[in-house]
Amino acid sequence: MKRRGIGFGIAMAILLLWSLVPIYWFVRMAFLTHAEIARFPPALIPTHINVAAFFNIFGFDYRMTDGTISTASGQSGQIITGLENSLIVAVVVTLITLVIVVPLAYVFARLDFKFKNLLLNAVLLAVAIPPVSTLIPFYSMYVRLGLVGTLPGLVIVDLTTTVPFVAWMLIGYFRNLPPIERLARVDGFSRIHTLLFLVLPLAKSGVAVAAVIAFLFSWNEFTFALILVNGTPATTLPAAISGFLGQDPNPASLAACLILTILPPALVAYFLQRHVAEMNLADPVR
């Protein structure tokens, strides 16, 4: 038993190192100067905090303590536009996903109807298909419809990923809620009233987790954004950062951009963490 505990501790330590060391390394890099980044052996901890990269990526020059001017990044406009577009796409996709998925999952989980299993298998198949396999058909269709390089086009293609995955997750959650529909009908509630005023309050933790997942999927989506909107006014932040590598070879600016990509989903997860911790698929109202 003691050996199992030690093995578990070692496995957890390796997992933490594997996950956190890369994050620490680029966070550290964002606060170093060019000379400190190029130094060998590299400094594990910055001797002083240099925030020039964060000013530069937003288009501002920064005077450092030694009087050196760190000039604004030439890609700042691309980064700012990408940040705005990513926020718009992530919020819109999250809201539309919840509007579609909540009633969809409720119907699949709580009602019986013809071809239910067939339709449920279609949802599961949509989850199993790799998004990249639909890239060429989407591109061909978008060229004909004039949706290449547009935010509505990117929102639509993101929904093809978030809707089936979040629906698949919420169907299992709704199935484990208490069977309150009959009591609600006795009290005169319609189906819609039962869903809105009885089921949804019970399922708020599951819906909150669904919102987090939809936001993270759409915020981090890269493949479709790279092909469909990169280089246009609809470029999102992940696609904009990929162009950063070749156009502005500044490791500190790149690291600052990566921190920028982590902050919004981290804040969303932080404010909804209570619901994530409370989510219990086996007993949702526990």
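In this predicted model, there is 1 cavity of 30 Å³ or more. The space in this largest cavity comes to about 30 Å³. Its lining is made up of Ser86, Leu154, Asp158, Ser218, Trp219, Glu221, Ala225 and Thr236. Sorted by class, the lining of the largest cavity has 3 nonpolar, 3 polar and 2 charged residues. Helix 7 and helix 10 each give at least two residues to this lining.

Those two helices also meet each other. Helix 7 covers residues 151-175 and helix 10 covers residues 204-220, and their axes come within 10 Å and cross at roughly 155°. Because an angle over 145 degrees counts as roughly antiparallel, helix 7 is roughly antiparallel to helix 10. The crossing of the two is right-handed. On the side of helix 7, the contact is made by Asp158, Thr161, Thr162, Phe165, Val166, Met169, Leu170 and Tyr173. On the side of helix 10, the residues are Ser205, Gly206, Val207, Val209, Ala210, Ile213, Ala214, Phe217 and Ser218. This contact of helix 7 with helix 10 holds 11 nonpolar, 5 polar and 1 charged residues. Asp158 and Ser218, both part of this contact, also belong to the lining of the largest cavity.

The axes of helix 4 and helix 10 come within 8 Å and cross at roughly 140°. How are the two helices therefore set to each other? Helix 4 and helix 10 are oblique to each other, and their crossing is right-handed. From helix 4, the residues that meet helix 10 are Leu83, Ser86, Leu87, Val89, Ala90, Val91, Val93, Thr94, Thr97, Leu98 and Val102. From helix 10, they are Val207, Ala210, Ala211, Ala214, Phe215, Ser218 and Trp219. By class, the contact of helix 4 with helix 10 has 14 nonpolar, 4 polar and no charged residues. Ser86 of helix 4 and both Ser218 and Trp219 of helix 10 take part in this contact, and these three residues are also found in the lining of the largest cavity.

Helix 4 also packs against helix 9, which is residues 191-202. Here the axes come within 12 Å and cross at roughly 105°. Helix 4 and helix 9 are therefore roughly perpendicular to each other. Val102, Pro103 and Tyr106 in helix 4 are in contact with Arg191, Thr194, Leu195, Val199 and Leu200 in helix 9. The residues of this contact of helix 4 with helix 9 divide into 6 nonpolar, 1 polar and 1 charged. Val102 of helix 4 takes part in this contact and also in the contact with helix 10.

Next come the pockets. The largest pocket holds about 230 Å³ of space. Its lining has 13 residues, and those nearest its centre are Ala126, Ile129, Pro131, Thr160 and Thr161. Which helices each supply at least two residues of this lining? They are helix 5 (116-128) and helix 7, and helix 7 gives the largest share of the lining, 4 residues. In terms of class, the lining of the largest pocket has 10 nonpolar, 3 polar and no charged residues. Thr161, one of the residues nearest the centre of this pocket, is also part of the contact of helix 7 with helix 10.

About 200 Å³ of space lies in the second largest pocket. It is lined by 15 residues, of which Thr33, His34, Met64, Ser70 and Asn250 are the closest to its centre. Helix 2 (34-38), helix 3 (52-56) and helix 13 (251-271) each supply at least two residues of its lining. The most comes from helix 3, with 3 residues. This lining divides into 7 nonpolar, 8 polar and no charged residues.

Two details of the backbone remain. Most peptide bonds are trans, and most residues other than glycine have a negative phi. The peptide bond from Phe40 to Pro41 is cis, with omega near 0°. Pro41 sits in the loop between helix 2 and helix 3. Phe115 is not a glycine, yet its phi is positive, at about 65°.

Conventions:
Residues numbered from 1 in each chain as written. Predicted model: local features only at pLDDT ≥ 70, side-chain atom pairs only at ≥ 80, totals over all residues. Heavy atoms only, no water. Axes fitted to C-alpha atoms, helices over the stretch in contact; angles between N-to-C directions. Parallel < 35°, antiparallel > 145°, perpendicular 65-115°, else oblique. Left-handed = near helix turned anticlockwise from the far one by under 90°. Contact = heavy atoms within 4.5 Å. Nonpolar A, V, L, I, M, F, W, Y, C, P; charged D, E, K, R; others polar. 1 Å grid on protein atoms, 1.4 Å probe; cavity = no way out; pocket = protein on both sides within 12 Å on 5 of 7 lines; lining within 4 Å. Points joined across faces, edges and corners; volume = space filled by probe spheres on them.
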